[in-house]
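Here are my notes for you, as numbered points. Have the structure open while you read, and look up each residue as it comes along.

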Amino acid sequence: MIKILFFAALRERLNCEQYLLSCDDHLLNVTTVLKQLQSRDSVWQQELSRADLLCAVNQQLVPLTADVQDGDELALFPPVTGG
């Protein structure tokens, strides 16, 4: 299982804090996981297709091409701003 966490406005828009995705011990990449999640419905499709979406695997920022495997935690969040 891959534990997927959603943060900030993304969590609110998806109305979901976390999601468990079965990976059957296959090595996936973040893009593949996003495509699987986008198939849930149109809101998920829209929110998870954003070009500015940030992701972290096991609390390390990674590109969309990063590998994800069984037991990993994948965090997804919109870009952050600060001041």
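Predicted model: local features only at pLDDT ≥ 70, side-chain atom pairs only at ≥ 80, totals over all residues.

1. Where is Q59 found? Look in the loop between β4 (54-57) and β5 (60-62).

2. Residues are numbered from 1 along each chain as its sequence is written, and side-chain values use heavy atoms, with hydrogens and water left out.

3. Back to the backbone. Most residues other than glycine have a negative phi. Q59 is not a glycine, yet its phi is positive, about 70 degrees. Q59 counts as exposed, because its relative accessibility is 69%. (The cut-offs: buried is under 20% relative accessible area, exposed is over 50%, and partly exposed lies in between, with a 1.4 Å probe and protein chains only.)

4. A8 also has a positive phi without being a glycine, at about 55 degrees. You'll find A8 in helix α1 (residues 8-14). With 44% relative accessibility, A8 is partly exposed.

5. Now the sheet. In which order do the 5 strands of the open sheet run? The order is β2-β1-β7-β4-β5, and the pairing is mixed. At the edges sit β2 (18-21) and β5, each pairing on one side only. Two strands count as paired if DSSP finds at least two bridges between them. Ignoring direction, neighbouring strands of this sheet are turned by 30 degrees against each other on average; the axes are lines fitted to C-alpha atoms (for helices, over the stretch in contact), and angles run from 0 to 180 degrees between N-to-C directions.

6. Zoom in on one pair of strands: β4 and β7 (residues 73-77) are joined over 4 bridges in the antiparallel sense.

7. How many disulfides does a search of the whole structure find? The count is 0, where a disulfide means a pair of cysteine sulfur atoms within 2.5 Å. Take C23: the nearest cysteine sulfur belongs to C55 and is 16 Å away.

8. Last topic: charges. Side chains of opposite charge can pair when their charged atoms come close. The whole structure has 3 salt bridges, each being a side-chain nitrogen of Lys or Arg within 4 Å of a carboxyl oxygen of Asp or Glu. One of them joins E17 and R11, at 3.7 Å from N to O. Here E17 is exposed at 54%, while R11 is partly exposed at 30%.

9. In another salt bridge, E47 meets R13, with the closest N and O atoms 3.4 Å apart. That pair links distant parts of the chain, since E47 is in helix α3 (residues 42-47) and R13 is in helix α1, 34 residues apart. E47 counts as buried because its relative accessibility is 9%, whereas R13 is partly exposed at 42%.

10. R50 and D52 form a salt bridge as well, their closest N and O atoms being 2.9 Å apart. R50 is partly exposed at 28%, and D52 is partly exposed at 33%.

Technical notes:
Helix = DSSP H or I, 4+ residues; strand = E, 2+ residues; numbered from the N terminus.
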